[in-house]
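Let's walk through this model together, one question at a time. Have the structure open as you read.

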Amino acid sequence: MTSDTTESATSNNLTSPNGDVPKINTVTAQDITASLKAGFSDFLARPVMSGFFGLFYALFGIAFVWILAWFGEIWMIIPAVVGFPLVAPFAAAGLYEMSRRLQKDERFGWSDILTVMASQSRREMGWMAFVTLFIFWVWIYQVRLWLALILQNASFSNLDGFLNAIFFTPEGWTFLAIGTGVGALLSAVLFSVTVIAMPMLLDRETNFVSAMITSVRVVKENPVVMLGWAAIISVTMLVSLVPAFLGLIFTLPILGHTTWHLYQRAVAPAEEGSVQPSPLAGI
């Protein structure tokens, strides 16, 4: 009787918002491949609904760039475009829910998915959105800082002038080198804290700090494989931006569905995980 009670309490603790962190599995290249296949299968199962999220994200990117051009903020266009994929994990919340339901063979419609997404704004996902957008703005303003320090005499009155200053001057090359290094660091931080945290928050009753800790632990315990997944995401997203963001209609849904399946492989189910106290438990 005592054993059953203890086991029940342990299972409940795994999905409670008290800061407990679940067991992390070893992730291999085969897991990435299998997750990609499952993600593509999810996309084919509901292509219109999946493509809708990709289209919405693409249109938002187009509108964002158009607004920057309208207000004459030419210098922001390239860093905004390059940094735009940083907010993709939050945009994929609806895709995670679709994959979750497809995995359980549940029927669902537009209202089911959109209702779940709307409810996330009142849960821990809202805090993750804040973290994501904060890092995105840090990305934008670090670019502005290096522009001011390195290219202070350059003219950014039009896009051609900006591109010429960036790609065809020694100062521009210095800016690209420093900006790429800092940008890679910020991208690594954001990837580490969100890659597992986003689907985990949708799947379990836990707080965003515990979800981020779990995400970082997955990356830390599987560095090579997760670095490979980060590279796949980065290259795919950047290539998708080339045709006026429209490639995102297909690639964002597939990557989003894939991330859900990778999360399922990286983090043990609640009933199988071993409870480990979070570093922030008790605060």
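Q: Among contacts between residues at least 6 apart in sequence, what percentage join residues at least 24 apart?
A: A contact here means heavy atoms within 4.5 Å. Counting pairs in the protein chain at least 6 apart in sequence, the share that joins residues at least 24 apart is 79%.

Q: What should I know about the model and its numbering?
A: This is a predicted model, where local features need pLDDT of at least 70, side-chain atom pairs count only at pLDDT 80 or more, and totals for chains, interfaces and linings use all residues. Side-chain values use heavy atoms, without hydrogens and water, and residues in each chain are numbered along its written sequence from 1.

Q: How many residues of helix α4 are buried?
A: Helices are DSSP runs (H or I, at least four residues), numbered from the N terminus. Buried means under 20% relative accessible area, with a 1.4 Å probe and protein chains only. Helix α4 spans residues 74-83 and is mostly covered; Trp75 and Met76 are among its buried residues. Of its 10 residues, the buried ones number 7.

Q: Which elements are included in what covers the buried residues of α4?
A: The residues being covered include Ile74, Pro79 and Gly83. Their cover includes α3 (47-70), α8 (125-150) and α9 (159-167).

Q: How many helices are in the protein chain?
A: The chain has 283 residues, and 47% of them are buried. Strands number 0, while the helices number 14.

Note on methods: Buried < 20%, exposed > 50% of the residue type's maximum accessible area, 1.4 Å probe, protein only. Helix = DSSP H or I, 4+ residues; strand = E, 2+ residues; numbered from the N terminus.
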